Amino acid sequence: MKTTLKNKFINPKLFVQGLLQLKVAGIATIVCSTIYTILLPIIAFIESRDNIEKFSLNYRLLDVAEMFLPLMIVLYIVTPIMSILLFRFMHKRSSSDFYHSIPVKRSCIFFSYMASIVTWVTIIILVFSTTLCLMTTIFLPEYILDIPVIIMYNINAIIACILMAAVFGIGLSITGTVFSGYVTSMIILIAPRLLITFICNMIAGLNKQIIAEGMALFTRNDCNMALSPILYLFNDGYYEYAVSNIPFMGFGFGTIYSILLAILYLFIGLFAFTKRPSEAAGKAYSHKIFNFITKLSIGYVITLFIVYIMVETEEYFSTTYLIIFAFALISMFVYEVILSKSIKRGLKSFLSTPILIALDVVTILCIFAISHFIKNEQFDVNDIDYIKLDYRYTDYVFSLAPDGNLSELHTSGIDFINSSTSGYIDYDYFDNKIDDYKIYDREIIEYVISAYNSWCSKNAESDYYEYEYYYYFDYYSDIKLTIGDAFGDTERILFLDTEQYNHLKSLVSQNVDTNSYVQNSIPDSASDVVLDCDGLTYEQIEELYEVLIAEYKALSPEVFKNFIRYNIAYTDYVGTIKAYQYVDDEIEYFILPITSLTPKAFNMYISYYNENHKEDVLNLMAELKKDLDTDYDASLYVGALNARWDNDTIYEVEYPFYRNVHYATLNLLHATPSLVDGAINYLSGTDYTDFSQYGKEGYYLAYIRFEVYKDSTLYSDDYDEYVGQTGFYMMLDKKADAILIEELQRLESAYAQ
Amino acid sequence: MIKTEQLTKKFDKYVALDNVSCTIPDGCICGIVGSNGAGKSTLLRLLTGIYKPDSGSVFIDDMPVFDNPLIKSKLAFVPDDLFFTPGATIRKMSNLYRSVFEKFDMDKCKSLAESFKLDIDKPISTFSKGMKRQSTTLLTLATNADYLFFDETFDGFDPIVRNYVKSIICEDVLERKSTAIITSHSLRELEDVCDKLALLHKGGLILQSDVDNLKTSHFKVQVAFPFEYDEGIFNGFDYKRYQRIGSVSSMIVKGNRDETAAALSKLNPIICDILPLTLEEVFSYEMETLEYNFDISLTGMEG
């Protein structure tokens, strides 16, 4: 009999045996996750069903973060349990003897059982995500599924689980009990990443221009995907230091790194498994050295906190250090006592104290050496090919407005043009889009590098240069700067004062290439985004979106640049399209205003809106009339505007209607049937649909909205009594305007009686 | 054929097996006896490739055993510490065995279970100690392996089951020409079933021989003469443990029984009884021959 391939790597029958042994854990997980995925959309459906109307669905992208919790359970609980269930045979003499006596190579046992774990995890994740998608489609039609992103998210989660299983493969192979196996696995998983994170943060603490995660590719938190969800949770409050993306998102370096790490760990695990003597079963460790390393790692990880505090505070003697150090030694002692059940052997742990101190001293020296190197770092403009500027970097802090005021920023919603009513230009689609754009303009590069080098020089001369200004006052702004040279990308923080900030923004916004890039970055096809637009069907929105984008892109770069710098409050927008897409691995939406600058889209929107709603207004009023005995609260809202554009610049937006404000709201409480009849007759009998007159003097675009509540106070939160609201557009001239005003006044006086 | 050369296994500083060299031919039942800690289980684990030798080598059919699936497919092992998966029944365990032993015979497994009166669908955890051992034994026999290893297998069996297990092992060896290696601390358990016997003591192999040869070449002689004599009269005989009470001398003689009887009769004894020896007596005799200070009563081998 020859050694076949199946006997070298995976034995199909042993693989099936592995699946059978994990049957209970696998099925239990599937049942629990299925219940979760069935209940989640149903509960959301029950909560929202009363509010769902034909044209009021708020279409949005299903956030894959909905899958986060169950995937975390699969990653941190199910995968370790399955690994322990299959590989615990090594820890008992009887089972260890059995598996080591069967006619299968040890490597084959390892890979067959690993394959069983990965298969179960994959099945669980697939069933879970498929069920969630199905249930969401059935019960929450307003959620649009981005299937490629969901698949990618799940593949990354599976890679993280493989990495986790590989870690446990090593941990369980070098130990002899479940406890020591679990502790060792956790140390293998956490200690290297914790060490990297600690050191990077300490260096970044000493050098404010450094981004801890961005020091090197492997320092990114998403590199180790089995740990990145936890690091992400811890990082949430310190977004200014975060470089990596939401866990499991994107097929980037994190995925490649995690795959390579998983392969490396699998082969280390394989080596440990095949070299493990069967007689190690029941002992704490297969070799004493592993016990020593694990114990020392426990102590080292704890004493890293001393190093951290020491570097941060520059205080070299403190009772806190003694307490932490004592805690580290006690932890090592307790660990040894649990394993060996011998106080004497536990006490021997204290002999590691000098090694622990030496490790901490070496760590501190390394940190100061690297920090010294970075502190004196200067970039040469001639070596730099391009730069990237990320204004969003300061999202959770504050961003500086050009006039020196601060605006708190949105994290996920990007207005295509500024929606702030205060009129400050802060963070818009332009800023958002250029964060990943390589700027080759030498003037911009020279300005940025000069500002950066200047700051670094001052910082090197006097530690923490104007530290307080940068972190506690609002005179400075920080931008994430990516410097691209022959050696790749380097990420740093660029500190700018108000003048520098404004100058830089001006330089960037005047750059033709940049503007052109931003203008062309809007997705052309409706199929590339998930859309939402109040009052239209999804098909209408898709059609409208493509018309709108075509018109946007047809604008000259200059007009486009000016347009996105407007404040939306000062344009004649009639509606907006909200477009969702995954940008930088998180769901982001941008809001596109529909103004008369894009006339085809403007008319199309009004046309579709009226087509969908005019009948509804009349029906709603008829409903009101039928049942006037019942207390109805109703209101009629009328808004109107007109605007004129001078090529690229809007020079006037008028709100000419009714008592010098741009809208009127009339309460129709206890309206008489004749009054309602009058309103119906007026609205149904009037045909003011010549929207081509828009923009001409004396014409107004009016929006009529009608709201009805039953047995409830107007604007009550009691949605059970909500009957409906709807509206439509009318084109009014002064004559029509006068008639409408007369009607409204009549209604208002009737109400007053 | 199983062959070991200078086989040594240590656990930390403790030498469990020291330079053991032996050969076990195919188609026989070989018993390995020894006291607790003699190295019997360690030897079996080395022979079955569970342990890796620290030095020396194990060959089965001229190939090394450790991590060698080709050879391991010819081996099946009943350890002293039995293994069952959680919630296992004989049927579930047979599926596990079937997945790794290509020659596993499900019909044979069922038939043996029936003969043992074991319910193959009943959880093994509910079985008694003896029934658990029966379960593993029948599963091992159903593998149809060429080499069967039994470590303290008869422990926990009642006499009837013990004899039955012996009979089915013998049957298997006869029918399939398989080779069985059985360890025990009780010589009496093995003497009626084994073709060959080996004695392990403190990690060393003291003796290995055919059982028939051992039994026929050693016997006890009781002899008396009608005249005065001294021990010198027995010069020319290979004997040990000479004792004389009155005119009757007794001793253990090694050699050909007929030739010894003829030689004694030429001395005109008035009494000449030639009696067979138990294996314990033979082993004891051999130990003395090898100048081992070996008290069989201390080894637990007296059964």
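This is a predicted model: local features need pLDDT of at least 70, side-chain atom pairs count only at pLDDT 80 or more; totals for chains, interfaces and linings use all residues.
Patches are made of residues with over 30% relative accessible area and no salt bridge, like charges being joined within 9 Å and nonpolar side chains (Val, Leu, Ile, Met, Phe, Trp, Tyr) within 5 Å. Residues are numbered from 1 along each chain as its sequence is written, and chains are lettered from A in the order in which they are written. Local features need pLDDT of at least 70, side-chain atom pairs count only at pLDDT 80 or more, totals for chains, interfaces and linings use all residues, and side-chain values use heavy atoms, with hydrogens and water left out.

B:Lys13 sits in the loop between β1 (2-11) and β2 (14-24) of chain B. Helices (H or I, at least four residues) and strands (E, at least two) are DSSP runs, numbered from the N terminus. B:Lys13 counts as exposed because its relative accessibility is 82%. Buried means under 20% relative accessible area, exposed over 50%, and partly exposed in between (1.4 Å probe, protein chains only). B:Asp12 lies in the loop between β1 and β2 of chain B. This residue is exposed, at 64% relative accessibility. B:Asp12 is not a glycine, yet has a positive phi of about 55°. B:Lys117 also is not a glycine and has a positive phi, of about 60°. Its place is the loop between α4 (106-115) and α5 (129-142) of chain B, and its relative accessible area of 72% makes it exposed.

In chain B, four strands form an open antiparallel sheet in the order β2-β1-β4-β5. Strands β2 and β5 (63-64) of chain B stand at the edges with a single partner strand each, so one side of each has no neighbour in the sheet. Two strands pair if DSSP finds at least two bridges between them. Five bridges join β1(B) to the antiparallel strand β4 (residues 55-60) of chain B. B:Glu5 stands opposite B:Ser57 in β4(B). B:Leu7, in strand β1 of chain B, is buried at 0% relative accessibility. The C-alpha atoms of B:Leu7 and B:Ser55 are separated by 5.9 Å, although the residues are 48 apart along the chain.

A nonpolar surface patch consists of A:Ile27, A:Val31, A:Ile35, A:Leu39 and A:Ile43, with about 430 Å² of accessible area together. Accessible areas come from the Shrake-Rupley method with a 1.4 Å probe; for residues, only the protein chains shown count as cover. A:Ile35 belongs to helix α3 (residues 23-48) of chain A and is partly exposed at 46% relative accessibility.

The structure holds 22 salt bridges over all chains, each a side-chain nitrogen of Lys or Arg within 4 Å of a carboxyl oxygen of Asp or Glu. One of them joins A:Glu491 and A:Lys480, with the closest N and O atoms 3.9 Å apart. A:Glu491 lies in strand β8 (residues 488-497) and A:Lys480 in strand β7 (residues 476-485) of chain A, so the pair ties together parts 11 residues apart in sequence. Both residues are buried.

B:Arg91 and B:Asp121 form a salt bridge, the closest N and O atoms being 2.6 Å apart. A network of salt bridges links A:Arg93, A:Asp97, B:Arg45, B:Asp80 and B:Asp151.
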